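Reader: I am new to this structure. Could you walk me through it?
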Amino acid sequence: MAPPEDLPPMTYRFLGRSGLQVSAISIGGWLTYGGYTEQEKAHECMKAAYDSGINFFDCAEIYSDGKSEEVMGAAIKKYGWKRNDLVISTKLYWGTAFGNNPVNNKGLSRKHILEGMDASLKRLGLDYVDVIYAHRPDRQTPMEETVRAFNHLINTGKALYWGTSMWNADEIATAWRYADKLGLIGPIVEQPEYNMLSRERVELEYAHLYREVGLGLTVFSPLRQGLLSGKYKNGIPEGSRLAQNQVEFIAGWWKRTGKEKFDEIIANINKLEPIAESLGIKQSTLALAWVLKNQNVSSAIIGASSAEQVYENVRAVGAVDKLTPEIMDKIDEILNNKPPAVIARY
Ligand SMILES: NC(=O)c1ccc[n+]([C@@H]2O[C@H](COP(=O)([O-])OP(=O)(O)OC[C@H]3O[C@@H](n4cnc5c(N)ncnc54)[C@H](OP(=O)(O)O)[C@@H]3O)[C@@H](O)[C@H]2O)c1
């Protein structure tokens, strides 16, 4: 399925203060590729992404116990894409599925970082990744060991840059303190959740890091796993992510959220529909364009279970300018969750 002719051209943003450029919309394999989206469909999504100008593909060792990396690696091979045209990332932390004794297969020890990287590259069928992330902070391994191990991956050509995911501002600053002290490379990018319903970390907690270390952001779940597309306004559509009860994480998510809280979230999201309509765009486009409006975001990593979704989501790139200050204020009024402004000086 070729891209629609009226698809806006992709835009590219620098990954923080690095020289690497990533597409403003990128695509990841969590739950979908190697998971509930069958391989052929997953490859169609990746092809639709590539054909739309998306150059950045995100994975992790834990996604579907390594199958996600295999599915992504197979697509790269199948379509014969040039390695230098792609930005590929994966993440290390949860490698428990790859050993019989979990103790040393989890976390950010030098041992797991080195062994986990080799195993990921093998599954991806690649010689290196562009960005390797620490998928979570490891509060038991000394930070110096972790910083040195990620630098070792860079020095041995297995990764070109390293970043963090779901680290707090203090942990990122500590990593930079060690990197600076030791003359090493610090994490250039963080991968947090960021969407209309989850704002505080990106808009408030990390604010000083954009200035101090030039932190870039590749944000995940920009549609809050599909909720912000408005698709759940009349219940749970067949085949949608929330209908995938066989997936442990999704079933658990339901238990944690509860029906009442879920209905409340959906009612709030429904209030955004008239705004999207007034701009002549879909609710999913509005939600993604809202994320891209934040200039600290280098890329919004979407998940997609069909090529149509990929194309629809790429439209957000062309809708950013429709979000005028007045529209942004209206959205803030509905969401009622804008973090307090950072006070510049007293
Ligand atoms: N670092 C971390 O800890 C972390 C955590 C989570 C995710 N991530 C990364 O971020 C990526 C994206 O996360 P996510 O999948 O939660 O992102 P998302 O874009 O918020 O949600 C994706 C899901 O929304 C639905 N969807 C997408 N486009 C749609 C559209 N136009 N209309 C209606 N529904 C649409 C699809 O689900 P269905 O069609 O199946 O309903 C899709 O699988 C992951 O693949 C992963 O790479 C990282």
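**Ligand shell and helix packing**

Reader: How do the residues of the shell around the ligand divide into nonpolar, polar and charged?
Author: The shell has eight nonpolar, 15 polar and five charged residues. Here Ala, Val, Leu, Ile, Met, Phe, Trp, Tyr, Cys and Pro count as nonpolar, Asp, Glu, Lys and Arg as charged, and the others, Gly among them, as polar. This is a predicted model, in which local features need pLDDT of at least 70, side-chain atom pairs count only at pLDDT 80 or more, and totals for chains, interfaces and linings use all residues. Residues are numbered from 1 along each chain as its sequence is written.

Reader: Which residues come nearest to the ligand?
Author: Of the 28 residues around the ligand, they are Gly28, Phe220, Leu223, Gly226 and Gly303; a residue is near if its C-beta atom, placed from the backbone, lies within 6 Å.

Reader: And which element gives the largest share of the shell?
Author: H12 does, with three residues. Helices (H or I, at least four residues) and strands (E, at least two) are DSSP runs, numbered from the N terminus.

Reader: At what angle do H1 and H12 pack?
Author: Helix H1 (residues 39–51) and H12 pack at about 25°, with axes 8 Å apart. Axes are lines fitted to C-alpha atoms, for helices over the stretch in contact, and angles run from 0 to 180 degrees between N-to-C directions. H1 and H12 are therefore roughly parallel, a term for angles under 35 degrees.

Reader: New topic: in what order do the barrel strands close?
Author: Eight strands close in the order E3-E4-E5-E6-E7-E8-E9-E10, with parallel pairing; two strands pair if DSSP finds at least two bridges between them.

How values were computed. Parallel < 35°, antiparallel > 145°, perpendicular 65-115°, else oblique.
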